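Trainee: I have a two-chain model open and would like to talk it through with you. Could we take it step by step?

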Amino acid sequence: MKMIFAIILAGLLTNNMVLAKFLGICPFLGVSKKVNTAVSMSIAVTLVMVVATAVTWPIYTYLLYPNFTYLETIVFILVIAAIVQLIEIFLKRFIPPIYKALGIYLPLITTNCAVLGITMLNITNQMNFVHSLFNALGAGLGFMLAMVLFAGVRGKLETADIPEFLKGLPITLIAASLVSLSFLGFAGIGG
Amino acid sequence: MKKSNSLSYLTNGLLKENPVLRLVLGTCPTLAVTTAAINGIGMGLAATAVLVCSNVVISLLRNVIPDKVRIPAFITIIAGFVSVVQLLVKAFLPAIDKALGIYLPLIVVNCIILARAEMFASKNKVLPSALDGIGMGLGFTATLTLMGLIRELFGAGSIFGLTVTAKFIDPMIVFLLPPGGFFVFGVLVAVSNAIAKKQGKKPVEHTGCANCPSRAACDRYNGEEAAAE
C-alpha cells in the first residue's frame with residue numbers, strides 16, 4: 001500500500017511525465033490552452049495508459065519474455081493502436097456521453113509518446129502487474145496536473161506584454177521551463 | 001519538382017524546413033536526450049537511419065498501401081526499422097543505448113518520421129524520398145547536437161566530454177535538468193524566429209500542426225469547439 005502511494009506520488013510530482021520525462025510534449029504545448037480541454041484530454045490519456053498497461057504487461061511477461069523481447073517496440077505500438085480503436089468503438093456504442101467528451105482526443109493518442117513510454121517504462125523498471133497499473137494511473141494524473149497548471153499559465157501569457165522576438169512558441173517554452181523548475185522542488189519527496 | 005534540384009531536398013531539411021526549429025516536430029527527444037552533445041548525435045543519427053529506410057520503403061509501397069489503412073501501415077514499417085536500429089545500437093554502441101534509454105524505441109512515435117511518411121514519401125518517388133529523409137535527418141541531428149553542445153557547455157562545462165570551462169566557471173547544473181531543456185529550446189526557437197523574420201518569413205506556430213499526422217483529428221476537434229462556443 002505504501003509502495004502504491006509512493007508510485008502515484010512519483011508520477012504526479014517527482015517523475016512527472018511531461019515536466020521531468022519530456023513525454024507528451026506535443027499535446028502539452030499544443031492543446032493546453034483551456035482548462036476544460038486539458039482535463040478531457042488528460043482523462044482520455046490516463047484511460048488509454050491504464051488499459052494499455054493492463055494489456056501490454058501480460059503480453060510482454062507471458063508471450064515475449066524471454067525469447068522475443070526484441071519484438072517489444074513493434075508489438076506495443078500495434079497493441080496500443082488497436083486498443084485506442086477498441087476503446088473508441090466501445091465508448092461510441094455503450095457510453096455515448098463519454099464518447100462525446102473524450103472521443104475526439106482518442107485518435108491523437110496513438111502517436112502520443114507518453115502512452116508508449118509508460119508501457120515501456122513499466123517493463124524497463126521491472127514493476128509487477130499491480131504496480132505497473134498504478135504507475136500508469138499516476139503518470140496519467142501527473143500528465144493532467146501538468147496540463148491543467150500550464151493551461152493556467154498560458155491564460156496569463158495571452159494578455160501579457162511579451163517582447164516581439166519571444167512571442168509564440170519561445171515564450172511558451174520558457175514558461176514551461178519555469179513550471180518545470182518549480183517541480184524540481186519536489187525532487188526530495190519519496191526519494 | 002525537377003531532377004536537377006535534388007540538392008534542394010537535402011538542404012531543405014537542414015535549413016528552410018528544419019524539422020525541429022521550423023516545423024516543431026520531434027520535440028520530446030529534442031528536450032529529453034540533449035544533456036550532452038554526443039547523445040544528440042546518437043539520437044539524431046538513429047532517427048535519420050529510421051527516417052531514410054522508412055521513407056524508401058513507404059515510397060516503394062505508396063501505390064500498394066490502401067489509403068484508409070495507411071497510418072497503421074506506416075507505423076508498422078517504422079516500428080520494424082526502429083527495432084532494427086535499436087538492436088544495432090544495443091550491440092555496437094552500448095553507451096549510447098544506455099544514455100538514450102527508452103527514447104530510442106520511442107523513435108516509433110517521433111512525429112518527424114510519420115509526418116515525412118505522410119507528407120512526402122507517400123507522394124514522391126524513391127530517390128527524392130531518400131534524399132528528403134537524409135536532409136530532414138541531418139537537420140534533426142544538427143539541431144539536437146547544437147542543443148546538446150549548449151546544454152553540456154553550460155551545465156557540465158565540457159564539450160563532447162572534454163572539460164572546457166568547468167575549471168574557471170562553476171557549471172550550472174540546471175541546464176542539464178528538465179527546466180534547462182525547455183529554456184535552451186525556447187531560446188533556440190527565438191533565435192530561429194529572428195533569423196526567419198529577417199528573411200521575411202513568419203515565426204513558427206505553437207505546434208507543428210500543419211505538419212502533424214494527426215492534424216485531421218485536431219481540426220475536427222477545433223471545429224467542434226468553435227461550434228460549441
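Mentor: Gladly, and let us begin with a term: a residue is buried under 20% relative accessible area, exposed over 50%, and partly exposed in between. Keep in mind as well that this is a predicted model.

Trainee: Then which class does B:T11 fall into: buried, partly exposed or exposed?

Mentor: B:T11 sits in helix α1 of chain B, which covers residues 6–16. Its relative accessibility is 38%.

Trainee: Which backbone oxygen does the side chain of B:T11 reach?

Mentor: Two neighbours of B:T11 can be told apart here. B:L131 is 120 residues away along the chain, with the two C-alpha atoms separated by 9.6 Å. The side chain of B:T11, on the other hand, reaches a backbone oxygen at 3.4 Å, and that oxygen belongs to B:S8.

Trainee: Stepping back to chain B as a whole, what share of its contacts between residues at least 6 apart in sequence join residues at least 24 apart?

Mentor: Chain B has 9 helices and 2 strands, in the order α-α-α-α-α-α-α-β-β-α-α from the N terminus. Of its 229 residues, 51% count as buried. For the contacts you ask about, the share joining residues at least 24 apart is 74%.

Trainee: Now the interface: how much area is buried between chain B and chain A?

Mentor: The size of an interface is often given as the accessible area lost when the parts come together. Here 45 residues of chain B are in contact with 48 residues of chain A. Carbon and sulfur atoms give 76% of the buried area, which is about 3,900 Å².

Trainee: Which element gives the largest share of the side of chain B that touches chain A?

Mentor: The elements giving two or more residues to that side are α2 (27–32), α4 (70–92), α6 (111–121), α8 (178–198) and α9 (215–228) of chain B. The largest share is 10 residues, and it comes from α8(B).

Trainee: Are A:F28 and B:F182 buried or exposed?

Mentor: The cut-off for buried is under 20% relative accessible area. A:F28 has 0%, and B:F182 has 0% relative accessibility. By that rule A:F28 is buried, and B:F182 counts as buried.

Trainee: Last one: why is the pair of A:Y60 and A:F76 called edge-to-face?

Mentor: Planes over 60 degrees apart count as edge-to-face. The ring centres of A:Y60 and A:F76 are 6.3 Å apart, and because their planes stand at 75°, the pair is edge-to-face.

Note on methods: Residues numbered from 1 in each chain as written. Chains lettered and ligands numbered in written order. Predicted model: local features only at pLDDT ≥ 70, side-chain atom pairs only at ≥ 80, totals over all residues. Heavy atoms only, no water. Contact = heavy atoms within 4.5 Å. Buried area = accessible area lost by both parts, 1.4 Å probe. Helix = DSSP H or I, 4+ residues; strand = E, 2+ residues; numbered from the N terminus. Buried < 20%, exposed > 50% of the residue type's maximum accessible area, 1.4 Å probe, protein only. Polar contact = N/O pair within 3.5 Å; in protein donor to acceptor, adjacent residues only side chain to side chain. Phe/Tyr/Trp six-rings, centres within 6.5 Å; stacked < 30°, edge-to-face > 60°.
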